[in-house]
Amino acid sequence: MARVLVLDDDQDFLQAATDLLGALGHEVNTANSLGAGELMVKANRFDHLLIDLMLPDGSGLQLLDALSERQRENTKVTVITGHPSIKQSVKSLYGPGVNYLIKPLTLDALKDALTGEAQPIADTPETTSSTKKSVRPSQAASSIEELLVGESSQMQHLRATVKRVAATDANVMLMGESGAGKEVVAQAIHQLSRAQQPFIATNCGAMHGELINSELFGHEKGAFTGALARKPGVFEQAGEGTLFLDEITEMPLELQTTLLRVLETRTLVRVGGQESIATACRVISATNRSEAAIARDKCLREDVYFRLAVFPIHIPPLRDRDGDIPILANHFVAQLNQEHDTHMAIDSADMKRLEAYSWPGNVRELRHCIHRAFIMTDPQSRHIEIPERLGSPFAQTSETQEPGDFALKPGQSIEQMEKALIEMTLDKLGGDKTRAAKMLGVSTKTLYNRLKAYENEPQEPE
């Protein structure tokens, strides 16, 4: 018989696990938060820990930091998760002695875990570098979990959407803030698709205006000064694979006519050439502008938009991905540990600081912060030294200057400032009143009462 601690915030799951483990003859204790789990392992000795990955007050993996050296040597640990991709992060952070189980659990799976026969965290074919341009469906399913990391409802919806569109040949337009991971989503679509040829990425915003047609469609020798040899463009290079056009809305309008013709006819002519060449690649484009901004700023022809955005996908900013910050942070640390043969982790206090920051630069900014902290930390240290000031100067500037942000103005009343703050928060969260109330530190009822008061307040005369 083993003494087991089950750490999970799902009460139904805790009850089911207790019943199953009890049926196997084990003594079971439960905790529904990281804090409660830390208190229990400090006060008691357990033979086995079954820990959920995502908890209300942090990551279940942080419980391992509360174990003494003796407990680490004598306590078996099994991570319970709905996503198999987490196994690589766990392995890199805590070594191969930690196992994992995939929800929903079965009696046999629990029995194997408690007897030490649960699936170990080890390299598997789908997580090695051998998978390159084309993958089998079973491999791709694992790859998307590793590419699109996170367990929030937003990321689960995004993964489901990617899987759905990848099974088609439709052109996709990705919309999201800078740093949100648009190219990663494009790569995930490519990996899950039937494409057997390469993923080619190019940045339309980085192309010189007069050379865009050459970059996209190629040129013949002597087509212009400096054209010393025939060069295929990115459409040809992609073949029957995927062409990713980043910052598509930065392409000059006068040069979008040729792009439209290629999208409509699926053929191109190299600059300086006459031969029509068939194209068969899927085009995935990306922009950090919304549909409303594209229409307002007239930065993309309407007919080009409809050709590119057959299937538009909105990528959520990191600040809206509840619970994903610790998962991503641990994921980046695991990658760095694997690359440098280290065993660092993020302590609970620093993780809470990471979660409290808004990350205006999104996933890119978080990755940069972790990488910078990793470099500055002594390689022999157990915990990464997260800097006191989070974020890059660019992200901090964009955060303070973002249009629509709340600002104090001379002469405003407290009520006017309160109303502006509530409206700005609701706008940021897409009208989600429950999350807005939580962010503002008030009850949902109080927020509804304030909104109702605003509706009934007397209007100023014109």
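Strands β9 and β10 (residues 242-246) run parallel and are joined by five bridges. Within this pair, N203 has D246 in β10 as its bridge partner. The model is predicted: local features need pLDDT of at least 70, side-chain atom pairs count only at pLDDT 80 or more, and totals for chains, interfaces and linings use all residues. Residues are numbered from 1 along each chain as its sequence is written, and side-chain values use heavy atoms, with hydrogens and water left out.

**Terms**

- Helices (H or I, at least four residues) and strands (E, at least two) are DSSP runs, numbered from the N terminus.
- Two strands pair if DSSP finds at least two bridges between them.
- Buried means under 20% relative accessible area, exposed over 50%, and partly exposed in between, with a 1.4 Å probe and protein chains only.

**The five-strand sheet**

- An open sheet of five strands is ordered β9-β10-β13-β8-β14, and its pairing is parallel.
- Its edge strands, each pairing on one side only, are β9 (199-203) and β14 (311-314).
- From one strand to the next, the twist averages 20 degrees.
- Helix α8 (residues 182-192) packs on this sheet and touches β8 (172-175), β9, β10, β13 (282-287) and β14; contact means heavy atoms within 4.5 Å.
- The direction of α8 makes about 150 degrees with that of β8; axes are lines fitted to C-alpha atoms, for helices over the stretch in contact, and angles run from 0 to 180 degrees between N-to-C directions.

**Strands β1 and β3**

- Strand β1 (residues 3-7) and β3 run parallel, with four bridges joining them.
- V6 has L50 as its bridge partner in β3.
- Strand β3 (residues 48-52) is largely enclosed by the rest of the structure, because five of its five residues are buried.
- H48, L50 and D52 point one way from β3, while L49 and I51 point the other way, and all are buried.

**Residue N29**

- N29 lies in strand β2 (residues 27-31).
- With a relative accessible area of 19%, N29 is buried.
- Leaving aside residues up to four places away in sequence, N29 touches R3, V4, L5, V6, M40 and F46.

**Residue A113**

- A113 sits in helix α5 (residues 107-114).
- The relative accessible area of A113 is 0%, so A113 is buried.
- A113 and V77 are 36 residues apart in sequence, and their C-alpha atoms are 9.0 Å apart in space.
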